[in-house]
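I opened my notebook on a structure I had not looked at before.

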Protein chains: 2
Amino acid sequence: MTETVHSWEDHGYLATYTAKNGRLPPIVRGAEVDRYWPTADGRLVEYDIDEIVYSKDSPYQNIKILHSKQFGNILILNGDVNLAESDLAYTHAIMGSGKEDYCGKEVLILGGGDGGILYELVKLKPKMVTMVEISFSYQMVIDGCRQHMRKTCGDVLDNLKGDCYQVLVEDCVPVLKTYAKEGRTFDYVINDLTAVPISTSPEEDSTWEFLRLILDLCIKVLKQDGKYFTQGNCVNLTEALTLYEEQLNMLYCPVQFSKDVVCVPSYMELYPL
Amino acid sequence: MTETVHSWEDHGYLATYTAKNGRLPPIVRGAEVDRYWPTADGRLVEYDIDEIVYSKDSPYQNIKILHSKQFGNILILNGDVNLAESDLAYTHAIMGSGKEDYCGKEVLILGGGDGGILYELVKLKPKMVTMVEISFSYQMVIDGCRQHMRKTCGDVLDNLKGDCYQVLVEDCVPVLKTYAKEGRTFDYVINDLTAVPISTSPEEDSTWEFLRLILDLCIKVLKQDGKYFTQGNCVNLTEALTLYEEQLNMLYCPVQFSKDVVCVPSYMELYPL
C-alpha cells in the first residue's frame with residue numbers, strides 16, 4: 001500500500017500512502033470498534049479510533065466517548081462528532097477567538113455539557129458563569145466527560161458549583177423565559193447547543209422556528225452591548241448557513257453579526273463560528 | 001440518512017448525519033472524479049472534491065490539482081495530499097509560527113514548489129530568498145500551481161526571479177554541496193521537500209540515510225545561529241517520528257530541536273512541524 005522512490009527496507013513508516021493504481025486502504029466491516037463516522041456534510045471518513053471508552057443511551061441521545069490516537073477522546077452524540085480533546089480551537093472560537101475580556105463579566109452558556117467552554121471561561125476570572133444543560137442527557141454526558149475528557153473540562157465538572165460558576169441541570173428554554181421575565185441580563189451568551197437542539201417541550205413545529213425562539217430569548221437576556229456567540233455548521237452546508245443568517249433578520253430586534261471559519265481538528269472539515 | 005429530534009420539513013440541511021443504525025454514506029465506485037484519498041497514516045477519507053483541475057505525469061511524479069468545495073484547490077503529488085489553498089497554517093508553521101524575524105535575512109527553501117512559503121516570505125522583506133526545486137517535476141508543479149493555486153502562491157511563481165528572491169530549478173543536493181564548498185551560509189533553511197524526497201542521483205541506499213545527507217548539508221550551510229525548519233509526518237506515525245529524531249542525534253554536529261503540532265485543514269490529521 002506504500003510507494004516510494006527510495007526503498008526504506010526495515011526503517012518503518014516514512015511512507016506516502018497512495019491511491020495511485022487504486023490502492024486505497026480497505027474498508028473494515030463488522031469491526032468491534034467502529035472507525036467510520038460521517039462528517040456533517042455527509043462524507044465518509046475513517047477515524048483512528050482504537051477504543052470505546054464510554055457508551056450510554058439516554059431516552060433522547062446515544063452518548064459515546066471513543067479514543068482516537070491523534071485527537072484523544074472524542075464525544076459523539078447521536079452519531080455526530082461533538083468535540084475531541086484536541087479541539088481547543090472550537091472552544092476558543094466560540095468564546096470569540098481571544099478578543100473578548102471576560103474578567104468580571106456575567107456569562108450564560110447554553111449546552112456545553114462537555115465542560116470545555118466553562119473550563120476555559122473560569123480561567124479568565126468572570127464574575128459569574130451560568131451554564132444551563134438539559135437534564136435528561138446531562139448526567140450521562142457529564143459523567144462521561146468528567147471521567148474521560150479531562151483535557152477538555154479539567155476539574156470543572158467535578159462540582160455543579162464553584163467560586164464563579166454554577167451549572168443548572170435544566171432545559172434552557174424555561175430558564176431563558178424566567179430570566180427574560182425577571183429582567184436578568186448577561187454580558188455574553190454562548191450557545192453551544194447541539195446543531196439540532198433538544199427540548200423537553202418544543203413549542204414550535206420546525207427546527208428553524210425553534211432556533212429562532214432560542215435566539216429571541218437570548219437577545220432578551222443580553223445587556224445592551226452584550227454579545228452572543230454560537231457555532232454555525234460546516235462550510236459546505238451553504239443552504240443551512242444562508243437560512244441561519246436569514247433567521248437573524250427575523251428576530252424581534254435588529255442585530256449585527258460577523259462570522260469566522262476555524263479548523264476543528266476532529267471534525268475533518270471547516271466550521272464557521 | 002439524517003436524523004433529528006425536530007422535523008425541518010423543507011428547510012434544507014440543518015442535518016446531523018448519523019452512523020446510528022449503520023446508516024453511513026455509501027461508497028461511490030467508479031466515479032469520474034475520485035473523492036477518496038488516504039491520509040498519511042493510511043486511513044480512508046472522502047474529500048468534497050468536485051473537479052479535476054490539472055493532471056500531469058512527470059517521469060517521477062503524478063501531479064494533480066483537484067478542487068475541494070471547502071479547501072479550495074488541492075495539490076496532490078503521487079496520490080499524497082500536499083497542500084490546499086486552505087492550508088496557510090502549514091506554511092506559517094514551517095516558517096516558525098510567526099516567531100521569526102525574516103527582515104533582511106538570507107533564506108534557503110528546499111522544494112516548496114507550490115510557492116506558498118516563498119509567497120509568504122517575500123512579504124516579510126528578506127534580503128534574499130533562494131528556492132531550489134528539482135527540475136524534472138517542477139515545470140509541471142509550477143505551471144499547475146501558478147495557474148490554479150494563486151491563493152497560495154500569489155504572483156510569486158510568475159517569474160523565477162524577483163527583487164528579493166530567485167528560484168533555481170535544480171536538484172538541491174548538488175546545489176547544497178556547492179554552497180557548502182563555497183562557504184555560502186543562510187540565516188534560515190526551510191526544508192519543504194516531499195516526505196520521501198526525490199533526487200536525480202541518490203547516493204544513499206535508504207531513505208533515512210538520504211534524509212540525513214540532506215540534513216547534514218543543510219547544517220553546513222546554516223550560519224552559527226541559523227535555524228532549520230521542516231515538516232515531520234502525521235502524529236500517528238510515531239515510529240517514523242522517533243526514527244526522525246534519532247537521525248538528529250546522528251548528524252556531524254550536535255543540534256537542538258523543538259517541535260510543534262498543527263492542524264492542517266486539508267490533511268484531516270494532525271501534523272508536527
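Through how many residues does the hairpin join β4(B) to β5(B)? I counted three residues in that hairpin. I noted at the outset that this is a predicted model.

**Entry 1: around β4 of chain B**

I stayed with β4(B), which spans residues 62-68. I looked up its pairing with β5(B), residues 72-77, and found the antiparallel sense over six bridges. In that pairing, L66(B) has I74(B) as its bridge partner.

Then I turned to β3(B), residues 49-57. It also pairs with β4(B) in the antiparallel sense, over seven bridges. Here K56(B) stands opposite I63(B). Another hairpin, of four residues, links β3(B) to β4(B).

Is β4(B) mostly covered or mostly open? I found it mostly covered, with six of its seven residues buried.

**Entry 2: the six-stranded sheet of chain B**

Next I traced an open sheet with mixed pairing, and wrote down its order as β9-β10-β8-β7-β11-β12. Which strands stand at the edges? They are β9 (161-162) and β12 (222-230) of chain B. Each has a single partner strand, so one side of each is left without a neighbour in the sheet.

I checked one pair inside this order. β7(B), residues 106-111, and β11(B), residues 186-192, run in the parallel sense over five bridges. L108(B) stands opposite V189(B) in β11(B).

**Entry 3: two helices on the sheet**

I looked at what lies across these strands. Helix α5(B), residues 172-182, lies across β7, β8, β10 and β11 of chain B, at about 155° to β7(B). Helix α6(B), residues 207-220, lies across β7, β11 and β12 of chain B, at about 145° to β12(B).

How do the two helices pack against each other? I read an angle of about 35°, with the axes 9 Å apart. The crossing is left-handed. Among the residues that meet, I listed V173(B) and L176(B) from α5(B), and F210(B) and L213(B) from α6(B). The contact divides into eight nonpolar, no polar and two charged residues.

**Entry 4: a loop in chain A**

Last, I moved to chain A and found Q256(A) in the loop between α7 (238-248) and β13 (261-264). Is Q256(A) buried or exposed? Its relative accessible area is 81%, and exposed means over 50%, so Q256(A) is exposed. I also noted Y271(A), 15 residues apart from Q256(A) along the chain, with 20 Å between their C-alpha atoms.

Technical notes
Residues numbered from 1 in each chain as written. Chains lettered and ligands numbered in written order. Predicted model: local features only at pLDDT ≥ 70, side-chain atom pairs only at ≥ 80, totals over all residues. Heavy atoms only, no water. Pairing = 2+ DSSP bridges. Contact = heavy atoms within 4.5 Å. Axes fitted to C-alpha atoms, helices over the stretch in contact; angles between N-to-C directions. Left-handed = near helix turned anticlockwise from the far one by under 90°. Nonpolar A, V, L, I, M, F, W, Y, C, P; charged D, E, K, R; others polar. Buried < 20%, exposed > 50% of the residue type's maximum accessible area, 1.4 Å probe, protein only.
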